[in-house]
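Trainee: I would like to learn how to read strands, cores and a ligand site in a model. Please take them in turn.

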Amino acid sequence: MEVQPHQAEDKTTVTVLVTGANSGLGFSICCRLIDEFLFTRPQSQSLHLLFSTRDTKKGDSTLRRLNAHLQKTLKEANASTPGISLLLEARIKLENVLVDLTRLLSVKALAKQLLTRGQHLDAVVWNAGIAGWMGIDYLAAAREVLTSVVQATTYPHFMICDVGALAKPQLSGHGSVHTFPEPALGKVFTANVFGHYMLTHWLAPLMDAGSRVVWVSSPSALPEAFEVEDLQGLGAKMAYESSKRVTDLMVLTSEGEASRESTRTFWGGREEGPRPRMYVTHPGVITTSIADISWILTLGMIAITYLARWLGSPWHCVSAYKGAVSATYAVLAPPDQLPELEEREGKGKWGSACDVFGHERVARTEIEGWGYGGELGARPSGSVPYSRTGHKEATRESREEFEETGRKVWREMEEMRVEWEKRLGKVEVDSASSVDA
Ligand SMILES: NC(=O)c1ccc[n+]([C@@H]2O[C@H](COP(=O)([O-])OP(=O)(O)OC[C@H]3O[C@@H](n4cnc5c(N)ncnc54)[C@H](OP(=O)(O)O)[C@@H]3O)[C@@H](O)[C@H]2O)c1
């Protein structure tokens, strides 16, 4: 699936917020959004790209690199249509915003900044994330790679997790407004899921039914990594995979009957029709700094990743720009396309797949317990099956269990949100009004 040129809404400015934009996938999503926006949207439309980093130094360097990417795109466009760059350049506005998702006061500050401005958000891409790994179990890695390169690099079990790692206390030293003791927050869970969850809730007044909340998950969101009794993955040996399974569960059940009560309060009382839609995407397997390994190992990983692609893996996109195809599609697809597809074929996980030559495309991903989204046993064309050895096809029982687990996830996330809002206080908007947090 590709973003086709289309006459989208008449809106002249499309505003998109991308988190974790200074490196890896986030940076590439920004580049790809620029490229595809310029050549698929009408000349009357402009893109206001808000890209988040954790500090201004990273923000300045990201802005420089995004501008360099834009200039390269403009130069190529000029080569085929001399002078077109003047028109195209004026359609892109880049702006850095700051947020650290493991610091909820920083999340709240970004919400306040954007709410005060009151600018409508057409899409947000929740890309920022950490793996929370401390190193590699080399023996297990060798065993897994020798057994199956594809399995080892798609669903690795050899990364050593920093089990029980916590985010720093949220309120100490901030003239706390809370009267309750502060519960622990898992570091990986807060960076990957909960910080974004709070931000979505706080930014909800800036979004409408056409807005899209695009989450970035992973092919490795393994069911066995997650226990519903341990939502934050505090005891998990695969806290990263657990956080991605939470993402899948949450998004795929976000329009379901079972989660309705929680999703309504989350969206500030809005029912399904007038509220934004959530989509879950993943970039396949790409080379970024998320694993935080030495350059020698990174080179080895790149070689093994290409090998997995040549051996037929559908998910080894390798390059972050190719991996960005699914998130970019979720942001820029014509307004009715994804809702209609998900209405017809069930709610899906939109992955970045590629063929042996590296041609990327967007593909529905099979999810353990859920299937592809729609009818049991049905496989929408272009979908990619779960390639894990020994995986079980979804059954009626597994679907029901998935929905029930999704309901529990939503309920607990909402309980946590309400509790944390009591501690953190409302988001006060500068115009003297305040938005109910
Ligand atoms: N690499 C893969 O093969 C792969 C596969 C599946 C899914 N993904 C997903 O893709 C997303 C991006 O990962 P990546 O591979 O591109 O890794 P990356 O290069 O390490 O990028 C992660 C980004 O998230 C930011 N970030 C981390 N912690 C943050 C926090 N507490 N607050 C705000 N920003 C934070 C980082 O900023 P700093 O530079 O300041 O740390 C960085 O910009 C993640 O959600 C990841 O799970 C990646």
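Mentor: Start with pairing: two strands pair if DSSP finds at least two bridges between them. Helices (H or I, at least four residues) and strands (E, at least two) are DSSP runs, numbered from the N terminus. This is a predicted model, where local features need pLDDT of at least 70, side-chain atom pairs count only at pLDDT 80 or more, and totals for chains, interfaces and linings use all residues. Residues are numbered from 1 along each chain as its sequence is written, and side-chain values use heavy atoms, with hydrogens and water left out.

Trainee: Which residue in strand 8 is the bridge partner of Val214?

Mentor: Tyr279 is the partner of Val214. Strand 7 and strand 8 run parallel, with five bridges between them. Strand 8 also pairs in the parallel sense with strand 9 (residues 349-354), over three bridges; there Val280 stands opposite Lys349.

Trainee: Is strand 8 mostly covered or mostly open?

Mentor: Buried means under 20% relative accessible area, exposed over 50%, and partly exposed in between (1.4 Å probe, protein chains only). Five of the six residues of strand 8 are buried, so defined.

Trainee: How do I read a nonpolar core?

Mentor: In soluble globular proteins, nonpolar side chains tend to be buried together. A core here is a set of buried Ala, Val, Leu, Ile, Met, Phe, Trp, Tyr and Cys residues joined through side-chain atoms within 4.5 Å. The largest has 54 residues, and Phe194, Leu203, Trp215, Val409 and Met413 have the most contacts inside it. Elements giving it two or more residues include strand 7 (212-216), strand 8 (277-282) and helix 14 (396-424). Helix 7 gives the most, eight residues. Apart from this core lies another of 45 residues, Val214 and Ile84 among them.

Trainee: Which residues come nearest to the ligand?

Mentor: A residue is near a molecule if one of its heavy atoms lies within 4 Å of it. There are 28 residues around the ligand, and Asn22, Leu25, Lys58, Tyr240 and Thr288 come nearest.
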